[in-house]
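Q: I am new to this structure and would like to learn how to read it. Please take me through it feature by feature.

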Amino acid sequence: MGKLSAASIVERAIQIGDTEGLDAVTIRRLATDLGVTPMALYWHFKNKEQLLLGMADHLVANFACKPADDRPWRLRLRELVEGLIHVLRAHPCARTVLEQVDKEDVPSYLAVWNEALGLTRAAGFADGESCLISKYLLQSAIAIADAPVHFRSGHTDEEIAEIVRVKRLSLESLPADTYPHLVRMAGSMVNLPPGLYDSFGVDLILAGIESLAARRS
């Protein structure tokens, strides 16, 4: 085995988190998988909290904000949100990791947050409003990326299909006179195409920001 690095540790931790859930990610488990002693991992991460920060930074670092250009803020903000969704979508454990860390300690997240703040200021919002909008925006991107993948961890395609089937039947079994819309749209509720889920979600979020920006101008 090659030299142990912080990157190789967090990459293996993310693999375990994606397939088995974050509870399965422990220093002892990682040491066993990587063929080293637990002490070797402590040189890089003193505890689980530091490991989670490393995982969060590695996840978000796969999305790099592009340098500022002359395009309208709307296009650049959409690109930022869609880019973040894209890199997080591949990892079922991403949302749980990001929920368990202080994002102010995650350099790559700070870079994305800083970019979002600059773009909302370019849209004409005041500092306080930009702070709120950027937080809502990034949290929404994390939620959108998570929704179609969060129940896939540790499941085969057949098991996922069964989970979806059971969810649909559960909704269809509700009293139709009390919940007519839930019953009628049960199939769509549990089986939305990821492409539509993403594009409509981003459209919905940005439409609200654009509407508010139009009022400011």
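A: The protein has twelve helices and zero strands. Helices (H or I, at least four residues) and strands (E, at least two) are DSSP runs, numbered from the N terminus. This is a predicted model, in which local features need pLDDT of at least 70 and side-chain atom pairs count only at pLDDT 80 or more, while totals for chains, interfaces and linings use all residues. Residues are numbered from 1 along each chain as its sequence is written, and side-chain values use heavy atoms, with hydrogens and water left out.

Q: In what order do the elements run from the N terminus on?
A: The order is α-α-α-α-α-α-α-α-α-α-α-α. The C-alpha trace spans about 55 × 50 × 25 Å along its principal axes.

Q: How do I read the packing of helix 1 and helix 2?
A: Start with the axes, which are lines fitted to C-alpha atoms, for helices over the stretch in contact; angles run from 0 to 180 degrees between N-to-C directions. Helix 1 (residues 6–20) and helix 2 (residues 27–34) have axes 10 Å apart and pack at an angle of about 110°. Helix 1 is therefore roughly perpendicular to helix 2. Angles under 35 degrees count as roughly parallel, over 145 as roughly antiparallel, 65 to 115 as roughly perpendicular and the rest as oblique.

Q: Is the crossing of helix 1 and helix 2 left-handed or right-handed?
A: A crossing is left-handed if the near helix is turned anticlockwise from the far one by less than a right angle, and right-handed if clockwise. Helix 1 and helix 2 cross in the right-handed sense. Contact means heavy atoms within 4.5 Å. On helix 1 the contact is made by Ser8, Ile9, Arg12, Ala13, Ile16 and Glu20, and on helix 2 by Arg29, Leu30, Asp33 and Leu34. By class, this contact of helix 1 with helix 2 has five nonpolar, one polar and four charged residues. Here Ala, Val, Leu, Ile, Met, Phe, Trp, Tyr, Cys and Pro count as nonpolar, Asp, Glu, Lys and Arg as charged, and the others, Gly among them, as polar.

Q: At what angle do helix 7 and helix 8 pack?
A: Helix 7 (residues 107–122) and helix 8 (residues 127–146) pack at about 130°, with axes 9 Å apart, and are therefore oblique to each other. Helix 7 passes helix 8 in a right-handed crossing. Among the contact residues are Tyr109, Trp113 and Leu117 of helix 7 and Cys131, Leu138 and Ile142 of helix 8. The contact of helix 7 with helix 8 divides into nine nonpolar, four polar and three charged residues.

Q: How many disulfides does the structure hold?
A: A disulfide is a covalent bond between the sulfur atoms of two cysteines. The test is a pair of cysteine sulfur atoms within 2.5 Å, and the structure holds zero disulfides.

Q: Is cysteine 93 buried or exposed?
A: Buried means under 20% relative accessible area, exposed over 50%, partly exposed in between (1.4 Å probe, protein chains only). Cysteine 93 has a relative accessible area of 4%, so it is buried. Cysteine 131, at 38%, counts as partly exposed. Buried residues make up 37% of the 217 residues in the protein.

Q: What is arginine 76 in contact with?
A: Arginine 76 lies in helix 5 (residues 73–89) and counts as buried at 16% relative accessibility. Leaving aside neighbours within four places in sequence, arginine 76 is in contact with Ala68, Asp69, Arg71, Glu115 and Leu119.
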